[in-house]
Amino acid sequence: MKKIAVFTSGGDSPGMNACIRAVVRTAIYHGLEVYGIRRGYNGMINGDIIKMDSSSVSNTIQKGGTILKSARSKEFLTVEGRAKAAEQLKKFEIDGVVAIGGNGTFTGAMKFYEEHGIPFIGAPGTIDNDLYGSDHTIGYDTAVNTALDAIDKIRDTADSHERVFFVEVMGRDSGYIAMPCAIGGGAEIVMIPETTTTIDTVIDTLQNGWKRSKTSFIIIVAEGDEEGHATDIVKKVEKALPQMDARVTVIGHIQRGGSPTALDRLLASELGIACVEGLLNGKKNVMAGKINAKIVYTPFEDTINKKKLINPRFTRMVEILSI
Ligand code: F6P
């Protein structure tokens, strides 16, 4: 292996730059040439590929977003799109690729390898923390801290006005962002796709709280909850409790930006090194992750198809701590 490439794909996450930096510098450390593919799979298709050196990644470890840009490519989902991408990689004589992204990125990588035989290795780059094969994903810790900071501020105004706040956090189909926000933000209720929290439970919790002279409430809603978005949930609760003074806050894309936390910078750096060294050791079609403080390589097939479960201990913690 002489030349490798790195790219970011899907939703950006804080720490992606730290991971790119680690890939570039590890490659140089091992005597490899390294290229950056810009704009995700679209850039691979269009040959948007640049040579990188150590200084290309100077002053980036602390920066949010991704210096290589990101995209969700529709064209790469087609056989023709992947064939164009393969032509480009061959033109640049790329022997292996580091893909920083989530499930969509790895699904594309797996198909690409089957059709064109160029090995890919993945680093888990998503705020959602929904990837099987790593305790945490790159950007998750930062996103949770960003959301928590917002929740602390919401709590101030909720308390002053004696209101009920429904706060929606990201996470796609997972409650991984919602859960630590609920525990760390002192929420009364957490609504996540992995567990069933009915509208009746929300109503009961509010009524019991008012009986105990509680005057303000924080309800954390994961965007993928089965009862719908926070705006839908508040309408359903208001039907039964018209006296409720409620507001909705959707934290949104703020969760995707900002300077990565120390934990994200460390994880991203460690996994960037693990990706390049994995490729050099002949690994392919796997994601480098960290489980119980150890680097592990999990087949893409498992990261895509296996569900990472939320520890039921956390749900119980919210219940105990909100009385
Ligand atoms: O996967 C990261 C994520 O931020 C999810 O939490 C969210 O559902 C989605 O991406 C939003 O995607 P977009 O930025 O394309 O609207």
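## Helix H5 and its cover

Contact here means heavy atoms within 4.5 Å. With that cut-off, the cover over the buried residues of H5 in this predicted model includes strand E6 (164-169), helix H6 (178-184), strand E8 (217-222), strand E9 (246-250) and H9. The H5 residues tucked away are Tyr140, Asp141, Thr142, Ala143, Val144, Ala147, Leu148, Ile151, Ile154 and Ala158.

How does the length of H5 check out? Its 22 residues (140-161), at 1.5 Å a residue, should span 32 Å, and the end C-alpha atoms sit 31 Å apart, so the two agree. Just past the end of H5, Glu162 takes a positive phi of about 55 degrees.

## Helix H1

The largest nonpolar core has 28 residues, and the members touching the most others are Ile4, Val6, Ile20, Met52, Val98, Ile100 and Ile138. At least two residues of this core come from each of strand E1 (3-8), helix H1 (16-29), strand E4 (96-101), strand E5 (120-124), helix H9 (262-280) and strand E10 (286-291). A second, separate core of 27 residues includes Tyr140, Ile177, Ala178 and Ile310.

Zoom in on Ile100 from the largest core. Leaving out residues up to four places away in sequence, Ile100 touches Val6, Phe7, Thr8, Ser9, Met16, Cys19, Ile20, Ala123 and Gly125.

## A buried loop residue

Ile192 belongs to the loop between strand E7 (189-191) and helix H7 (199-211). Is Ile192 buried or exposed? Its relative accessible area is 1%, and the cut-off for buried is under 20%, so Ile192 counts as buried.

Beyond residues up to four places away in sequence, Ile192 touches Gly175, Ala178, Met179, Ala222, Asp225, Glu226 and Ile310. Two of these, Ala178 and Ile310, also turn up in the second core. As for Ile177, its C-alpha atom is separated from that of Ile192 by 9.5 Å, with the two residues 15 apart along the chain.

## The largest pocket

How much space lies in the largest pocket? About 770 Å³. Its lining takes in 36 residues, and Arg72, Gly102, Asn103, Gly104 and Arg172 lie nearest the centre. The elements giving two or more residues to that lining are helix H4 (103-116) and helix H10 (300-305).

H4 provides the largest share, 6 residues. Sorted by class, the lining has 7 nonpolar, 16 polar and 13 charged residues.

## Positive phi in two loops

Lys69 is not a glycine, yet it has a positive phi of about 65 degrees. You'll find Lys69 in the loop between E3 and helix H3 (79-91). With a relative accessible area of 41%, Lys69 is partly exposed, because that value falls between the 20% limit for buried and the 50% limit for exposed.

Glu93 is another non-glycine with a positive phi, about 55 degrees. The loop that holds Glu93 runs between H3 and E4.

Conventions
Residues numbered from 1 in each chain as written. Predicted model: local features only at pLDDT ≥ 70, side-chain atom pairs only at ≥ 80, totals over all residues. Heavy atoms only, no water. Core = buried A, V, L, I, M, F, W, Y, C linked by side-chain atoms within 4.5 Å. Buried < 20%, exposed > 50% of the residue type's maximum accessible area, 1.4 Å probe, protein only. Helix = DSSP H or I, 4+ residues; strand = E, 2+ residues; numbered from the N terminus. 1 Å grid on protein atoms, 1.4 Å probe; cavity = no way out; pocket = protein on both sides within 12 Å on 5 of 7 lines; lining within 4 Å. Points joined across faces, edges and corners; volume = space filled by probe spheres on them. Nonpolar A, V, L, I, M, F, W, Y, C, P; charged D, E, K, R; others polar. Expected span 1.5 Å × (residues − 1).
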